[in-house]
Amino acid sequence: MSVLPIAFLFPGQGSQSVGMGKDLAEQYPIARHTFEEGDDVLGIKLSQLCVEGPEDQLRLTENTQPAILTVSVAAWRVLSEKGIKPTLAAGHSLGEYSAHVAAGTISFADAVRAVRNRGRYMQEAVPVGTGSMAAILGMSSENVAALCADAAQGQVCQPANINSPEQIVISGHTAAVERAAKLANERGAKRAKVLPVSAPFHCSLMKPAQERLALDLQALPFSTPAVPVICNVDAVAVNAADAAREALVRQVTGSVKWNQSMQWLIAQRVQTFIEVGPGKVLCGLMRQIDRSKKCLNVEDEASLKKTLEFAEPTS
């Protein structure tokens with residue numbers, strides 16, 4: 001039995017790719033059933049969208065979010081069958097929902113419905129073109145916060161994703177974000193680039209989406225998490241049902257404190273992190289946060305085998 005804690009990390013929007021989940025669904029009945037459940041709950045061919053695309057449809061926020069959640073839950077269920085279970089869990093933005101499914105806080109059916117609505121609400125909160133996001137590389141969080149304040153000029157410009165010591169994503173009105181990116185370059189950032197996103201996530205412009213989502217989540221049953229889930233907005237563990245729900249509501253307009261969340265987990269003596277779901281974005285961020293930590297991933301049969309060689313069954 002593993003003595004040191006294992007943390008499961010669940011990816012967020014941006015980790016999607018056409019073909020995701022196909023391998024696991026073909027190899028493992030539990031993964032295939034997860035896709036079928038997602039299709040039934042939403043009444044759309046979500047599994048087909050994951051496996052075949054088209055990419056422009058998969059990229060729509062209201063499709064991307066339930067698609068990534070479904071692939072992540074399928075991968076988690078396969079790991080669980082193999083006896084690999086987390087001591088702690090965290091998810092990046094949308095991934096916090098996957099983490100709560102893994103922790104038993106919310107059912108997969110409720111989560112997949114909630115995130116489809118979440119995606120739609122976020123898309124509808126701000127007219128297309130009004131807001132945008134930019135990645136600032138090689139600048140401290142204090143300096144990024146200062147340049148956001150200087151660039152705002154009465155508009156919204158806020159740190160949205162504090163991903164690692166080297167990477168912070170900002171969000172807000174398009175003009176303010178563009179001003180901030182220009183300022184970042186002038187003030188010595190390694191790079192500042194506006195991102196091709198459909199809406200300004202994780203800033204106060206998302207307030208209408210937050211209000212709509214709060215009503216949905218209030219109507220859903222939440223249970224006490226079986227394992228602590230690190231919430232994005234506070235970068236601390238959530239151990240109670242109401243706190244979990246409230247953290248998911250606040251997350252819509254709040255910053256994703258990913259760097260701080262990973263530092264919190266490292267302080268709990270976590271040596272092994274497993275990214276559960278499509279892509280390796282979170283393993284890439286872990287390399288920037290602490291290269292000494294082992295970060296494995298599970299998105300297909302090959303990555304699963306590699307993880308199983310390293311991680312011991314915990315039950």
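The report below takes up helices, salt bridges, surface charge and the backbone in turn.

## Basis of the report

This is a predicted model, in which local features need pLDDT of at least 70 and side-chain atom pairs count only at pLDDT 80 or more, while totals for chains, interfaces and linings use all residues. Residues are numbered from 1 along each chain as its sequence is written, and side-chain values use heavy atoms, with hydrogens and water left out.

## Helix α7

Helices (H or I, at least four residues) and strands (E, at least two) are DSSP runs, numbered from the N terminus. Helix α7 covers residues 108–125, and its 18 residues should span 26 Å at 1.5 Å a residue, where the expected span is 1.5 Å times one less than the number of residues. The C-alpha atoms at its ends are 25 Å apart, which agrees with that expectation.

A residue is called buried under 20% relative accessible area, exposed over 50%, and partly exposed in between (1.4 Å probe, protein chains only). In α7, 13 of the 18 residues are buried, so the helix is largely enclosed by the rest of the structure.

## Salt bridges

The structure holds 15 salt bridges, each being a side-chain nitrogen of Lys or Arg within 4 Å of a carboxyl oxygen of Asp or Glu. One of them joins the side chains of K22 and E26, at 3.0 Å from N to O, and both residues lie in helix α1 (residues 22–27), four residues apart, or about one turn of the helix. An α-helix has 3.6 residues a turn, so residues three or four places apart point the same way. K22 is partly exposed at 37% relative accessibility, whereas E26 is exposed, with a relative accessible area of 54%.

In helix α7, E124 and R120 are also separated by about one helical turn, being four residues apart, and their side chains meet in a salt bridge of 3.8 Å, N to O. Both are partly exposed, E124 with a relative accessible area of 47% and R120 at 27%. Together with R212, these residues are linked in a network of salt bridges.

Which residue forms a salt bridge with D150? The partner is R187, and the closest N and O atoms of the pair are 2.8 Å apart. This pair links distant parts of the chain, 37 residues apart, with D150 in helix α8 (residues 141–152) and R187 in the loop between α9 (174–186) and β6 (191–195). D150 is partly exposed at 42%, and R187 is partly exposed at 41%.

## Backbone features

Most residues other than glycine have a negative phi, and most peptide bonds are trans. In this model, however, a cis peptide bond joins G53 and P54, with omega about 5°, and P54 is found in the loop between α3 (46–52) and α4 (55–58).

H202, in the loop between β6 and α10 (207–218), has a positive phi near 55°. A235, in the loop between β7 (229–230) and β8 (237–238), likewise has a positive phi near 55°. Are these two residues buried or exposed? H202 counts as buried, at 3% relative accessibility, and A235 counts as buried, at 7%.
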